[in-house]
Amino acid sequence: MLIIKQVLRQSIVGLAVLVGLTVVLGAAYPAAVWGISRIGSASAEGSTVTDARGCVVGSSLLGVDLTAPAGRPDPYLHSRVVGSADDPFAPGDPSASAASQQGPNSELLAKNIDARRDAIAVREGVAPSAVPVDAVTGSGSGVDPDISEAYAALQVPRLARVNGRSVADVEAIVARHTSDRQLGFLGQARVNVLEVNIDLGLLAPRCG
């Protein structure tokens with residue numbers, strides 16, 4: 001009888017621990033994590049960016065390099081490139097994100113950088129030496145949403161010309177979407193490519 005009582009007592013204790021842990025770890029903890037995530041719900045939902053109509057057109061954290069149709073003038077502000085072994089201008093698309101694994105002594109990397117520099121110089125009508133470093137090198141993720149002020153400034157004359165705007169107007173748009181260094185001293189000032197393109201009216205998604 002004593003053994004039965006001990007087994008029964010231990011079973012009740014074990015059941016109580018199981019129920020308690022289920023409540024705490026299976027309900028309370030997930031609910032707390034979900035609740036905290038709602039404090040910054042924009043980032044929890046992908047840091048989405050909307051246009052003037054409220055249509056979601058992308059993410060402030062993921063860059064997508066838009067391309068103009070073949071043979072048409074290029075109206076877009078461009079981000080950093082992704083690149084690949086066979087295409088130095090592989091589009092900046094989340095599905096194409098991948099590290100190149102090319103080091104500073106890589107002949108392939110040097111070849112791609114030269115190809116990018118020459119192509120960007122032709123596109124913007126400047127000398128290759130005027131093309132900034134971030135224009136020809138990819139970010140670690142391959143989907144960096146920002147570019148340097150120098151790369152944005154290089155593209156301003158083309159954006160103004162193709163979009164039928166004044167240079168001052170485009171410069172003002174770029175300035176509105178330029179963020180300073182983090183905490184005032186970390187990194188460099190940066191321009192969000194997607195937000196500039198939206199402000200230029202270049203994205204017209206279909207949404208209800």
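**Entry 1: the overall layout**

I began by reading along the sequence, where the protein chain follows the pattern α-α-β-β-α-α-β-α-α-β-β-α. That gives 7 helices and 5 strands in the protein chain. I noted how these are assigned: helices (H or I, at least four residues) and strands (E, at least two) are DSSP runs, numbered from the N terminus.

Before going on, I wrote down that this is a predicted model, in which local features need pLDDT of at least 70 and side-chain atom pairs count only at pLDDT 80 or more, while totals for chains, interfaces and linings use all residues. Residues are numbered from 1 along each chain as its sequence is written, and side-chain values use heavy atoms, with hydrogens and water left out.

**Entry 2: the chain as a whole**

I looked up how much of the chain is hidden: 29% of the 208 residues of the protein chain count as buried. Buried means under 20% relative accessible area, exposed means over 50%, and partly exposed is in between (1.4 Å probe, protein chains only).

The protein chain exposes about 12700 Å², and carbon and sulfur atoms supply 61% of that area. Accessible areas come from the Shrake-Rupley method with a 1.4 Å probe, and for residues only the protein chains shown count as cover.

Next came contacts, where contact means heavy atoms within 4.5 Å. Among contacts between residues at least 6 apart in sequence, 56% join residues at least 24 apart.

**Entry 3: α5 against α6**

Two packed helices are described by the angle between their axes and the distance between the axes. At what angle do helix α5 and helix α6 pack? I found about 135° for α5 (residues 149-163) and α6 (residues 167-176), with their axes 9 Å apart. Axes are lines fitted to C-alpha atoms, for helices over the stretch in contact, and angles run from 0 to 180 degrees between N-to-C directions.

α5 and α6 are therefore oblique to each other. The cut-offs are these: angles under 35 degrees count as roughly parallel, over 145 as roughly antiparallel, 65 to 115 as roughly perpendicular and the rest as oblique.

I then listed the residues that make the contact: Ala-152, Val-156, Leu-159 and Ala-160 from α5, with Val-167, Val-170, Glu-171 and Val-174 from α6. Sorted by type, the residues of this contact of α5 with α6 are 7 nonpolar, no polar and 1 charged. For this sorting, Ala, Val, Leu, Ile, Met, Phe, Trp, Tyr, Cys and Pro count as nonpolar, Asp, Glu, Lys and Arg as charged, and the others, Gly among them, as polar.

**Entry 4: α3 against α5**

I turned to another pair, α3 and α5, whose axes come within 9 Å and cross at roughly 40°. That makes α3 oblique to α5. On the α3 side, Ile-120, Arg-123 and Glu-124 make the contact, and on the α5 side Tyr-151, Leu-154, Gln-155 and Arg-158 do. I sorted the residues of the contact of α3 with α5 too, and they divide into 3 nonpolar, 1 polar and 3 charged.

Is Tyr-151 buried or exposed? At 1% relative accessibility, Tyr-151 counts as buried, and its place is in helix α5. Beyond four places in sequence, Tyr-151 touches His-78, Ser-79, Ile-120, Arg-123, Pro-132, Asp-134 and Ala-135.

Tyr-151 and Ser-79 are 72 residues apart along the chain, yet their C-alpha atoms are separated by 8.7 Å. Leaving aside neighbours within four places in sequence, the contacts of Ser-79 include Asp-144, Ile-147 and Val-193.

Val-193 is found in helix α7 (residues 193-199) and counts as buried at 3% relative accessibility. Leaving aside neighbours within four places in sequence, Val-193 is in contact with Leu-77, His-78, Ser-79, Pro-145 and Ile-147.

My last stop was Asp-146, in strand β3 (residues 146-148). Asp-146 counts as buried at 18% relative accessibility. Which residues is Asp-146 in contact with, leaving aside its neighbours within four places in sequence? I found Arg-80, Arg-190, Val-191 and Asn-192. Asp-146 and Val-191 are 45 residues apart along the chain, and their C-alpha atoms are separated by 5.1 Å.
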